[in-house]
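Student: I am new to this structure. Please take one part of it, the packing of helices, and explain it closely.

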Amino acid sequence: MSQSSAWRRDWPLMLILLILAIITYVPFVFTVINSFKINAQFFQEFWLPTLPLHPENYVRAWPAMGRAIFNSFTYSIPTLVLTLVISGLAGYAFARYRFPGRNVLFVAILALIMIPGILLVIPMFSVIIALDWGDTLQGVVLPWVSVEIVFGTFLMRTFFETLPQEYFEAARLDGANEFTLLIRIAVPLALPAFSTLAILDLLFSWNDIIWPLVAIFDSGRLPVSIGVLSFAGQYGTDYGVTFASYVIASLPLIIIFAFTSRRFMDGLSGGLSI
Amino acid sequence: MRPSSNQTVEPKTDSRTPLSRWKLRSGFVPIYVPFLFLIPALILLLSFRYIPAVSAIFHSFTYWNIPEPGEFIGLENYQALFDDPIFIKSLGNILKYMVGRTALVLVMAFVGAELVYNLTSDRWRNIWRMVFTIPMVIPITVNLLVWQQVYAGRQGMLNEFLTGIGAMARPYPWLGRPDTALPALIFIGFPAVAGFGFLIILAALQNLSSEVNDAALIDGCSRLRRVFAIDLPAIRGPLALILILSLNQGMQEFAPMLVMTQGGPINTTMSPAYYLYIQGFTYGKHGYASAIGTVLMLMTLALSIFILRMRYRRAYDVAV
């Protein structure tokens with residue numbers, strides 16, 4: 001189809017999409033623009049940028065936000081690694097083997113999606129207190145991993161099931177053992193699904209408020225999700241600095257996503273269903 | 001290739017008929033292998049999901065103030081709970097929130113996905129998909145704080161816009177009035193296209209076979225009618241998944257209340273999950289909070305089972 005006839009067909013759709021996109025992005029663009037203003041400029045001009053720019057807002061927001069971002073990475077990276085490994089193993093087991101109890105186990109794991117995370121926060125808090133795991137890495141990470149591997153197992157099973165059985169049989173004929181099959185065949189082919197899971201996991205651990213609020217007592221160890229909240233509480237009347245802290249808090253994931261978006265999309269393109 | 005000495009070497013004689021391939025698959029792998037792969041997951045789920053779930057239900061029948069052990073008090077927590085006007089109010093609030101939010105998210109995700117799917121140009125399809133994916137990676141707390149600024153009474157975006165175009169004479173504190181606070185929470189992120197649901201629905205549409213669509217068009221089916229007659233039934237599975245995830249999330253909603261309204265004004269945005277948090281971690285009433293959580297879990301389970309039954313009422317799926 002030629003370029004012009006495609007446009008003739010598509011323009012009403014594109015117009016609606018453009019309007020939806022503008023409404024979606026306005027609040028964020030507003031935040032970025034106003035993060036470069038001092039209060040006097042903000043009260044004078046609400047929507048548009050004003051000169052001179054005030055990048056020092058970022059300098060003021062950085063110490064607290066930088067620390068929170070660092071904290072978030074120290075929790076999120078171990079969570080990510082463990083989630084990928086454990087979900088990969090479990091998803092592979094469900095996808096490639098028939099064994100007694102397979103369906104019961106899978107349903108039992110999937111049913112956890114229906115248990116409200118907030119219900120478990122109280123007994124897990126008692127476990128954390130009993131083990132003296134407050135303010136510790138494992139106290140934050142292991143409960144997070146246990147949340148994420150439920151969906152992760154589901155996602156990885158769905159993906160592993162799409163891999164042609166022939167690859168595995170050929171490798172078995174060549175004498176590969178089960179672990180080799182997983183590492184040398186399944187994992188390389190499943191990289192798109194792993195990156196989808198990685199992004200979803202990162203989004204979850206970066207965003208969770210309730211568990212850090214419960215399991216971390218030392219305010220110097222709080223992750224971004226709460227750090228930005230308490231920063232906004234302190235600097236709420238200084239609009240420019242507060243908006244700068246929002247931008248700083250958002251940047252790490254946007255940068256990571258910029259490099260991984262292709263794989264993320266590929267991983268979801270197989271679709272998910274029940 | 002290295003010769004392997006363990007049991008996984010395939011007995012080649014079996015692989016003649018298609019049926020024996022199945023037997024073969026389960027036959028030559030030692031039975032412990034799948035369980036070996038499942039052990040890490042099962043240990044974690046047992047310690048941090050299953051046992052805490054049982055513990056929460058058990059402790060809902062106790063007076064419990066961590067780290068003290070619970071003291072059994074029978075149904076007292078539940079009696080108090082259903083006499084608690086704030087909890088009853090929170091149930092009504094969350095019902096409205098859940099239904100409103102899910103309807104908005106589901107409809108807008110579907111509309112957005114159909115718009116993108118119907119584009120002729122592949123390049124633009126990918127661009128729009130990206131446009132509506134990027135907002136997903138903005139931290140939720142930041143999103144909520146930005147939307148607090150949207151709704152703010154003073155220096156709020158919505159007020160500045162509405163008074164700017166002359167639709168309103170005076171700014172209105174959207175989150176500060178009982179009649180608008182809950183609807184304001186529902187409309188966070190409007191138009192709510194960007195999200196996980198959009199990506200799932202778009203992926204499902206793109207996996208539909210183009211032959212069916214072409215045949216429908218040749219038979220004189222309009223594009224709009226095709227959306228309802230072909231697309232919608234064909235992506236029932238993904239839609240049901242998003243419906244369950246969205247309703248469950250709505251039922252347990254917590255962050256918008258914590259960040260934006262603290263349950264107010266006069267408890268009009270109090271949600272059960274946020275009330276659980278307050279009772280448990282502000283007042284230290286962990287048994288009472290567990291009872292709230294157990295009620296919440298029962299409601300979530302009932303809802304999910306209801307949706308799954310609706311979904312599988314007819315036993316076949318449209319094999320497109």
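Predicted model: local features only at pLDDT ≥ 70, side-chain atom pairs only at ≥ 80, totals over all residues.

Tutor: Helices are DSSP runs of H or I with at least four residues, and strands are runs of E with at least two, numbered from the N terminus. An axis is a line fitted to C-alpha atoms, for helices over the stretch in contact, and angles run from 0 to 180 degrees between N-to-C directions. Residues are numbered from 1 along each chain as its sequence is written, with chains lettered from A and ligands numbered from 1 in the order in which they are written.

Consider chain B. Helix α4 (residues 85-117) of chain B packs against helix α12 (residues 236-251) of chain B with axes 9 Å apart and an angle of about 145°. The crossing of α4(B) and α12(B) is right-handed, a term for a near helix turned clockwise from the far one by less than a right angle, left-handed being anticlockwise. Two residues are in contact if their C-beta atoms, placed from the backbone, lie within 7 Å. From α4(B), the residues Ile94(B), Tyr97(B), Met98(B), Arg101(B), Thr102(B), Val105(B), Leu106(B) and Ala109(B) meet Ile242(B), Leu243(B), Ser246(B), Leu247(B), Gly250(B) and Met251(B) of α12(B). This contact has 10 nonpolar, 3 polar and 1 charged residues; Ala, Val, Leu, Ile, Met, Phe, Trp, Tyr, Cys and Pro count as nonpolar, Asp, Glu, Lys and Arg as charged, and the others, Gly among them, as polar.

In chain A, helix α6 (residues 137-161) of chain A and helix α9 (residues 191-207) of chain A have axes 10 Å apart, at an angle of about 155°. That angle makes α6(A) roughly antiparallel to α9(A); angles over 145 degrees count as roughly antiparallel, under 35 as roughly parallel, 65 to 115 as roughly perpendicular and the rest as oblique. The crossing of α6(A) and α9(A) is right-handed. Among the residues in contact are Trp144(A) and Glu148(A) of α6(A), together with Thr196(A) and Asp201(A) of α9(A). By class, the contact of α6(A) with α9(A) divides into 7 nonpolar, 3 polar and 2 charged residues.

Helices also meet across the two chains. Helix α11 (residues 224-235) of chain A and helix α6 (residues 140-151) of chain B have axes that come within 8 Å and cross at roughly 30°, which makes α11(A) roughly parallel to α6(B). Here Ser225(A), Val228(A), Leu229(A) and Ala232(A) meet Thr141(B), Val142(B) and Leu145(B). The contact of α11(A) with α6(B) has 5 nonpolar, 2 polar and no charged residues.

The contact between the chains takes 77 residues from chain A and 89 from chain B. Helix α2 (residues 32-59) of chain B gives 15 residues, the largest share of the chain B side. That side divides into 59 nonpolar, 24 polar and 6 charged residues.

Confidence should be kept in view. The model scores ipTM 0.89 and pTM 0.87. Chain B averages a pLDDT of 85, and 89% of the residues score at least 70. Within chain B, confidence is lowest in helix α1 (residues 18-27), at a mean of 43, and highest in helix α8 (residues 181-186), at 95.

Definitions and conventions
pLDDT = per-residue confidence, 0-100.
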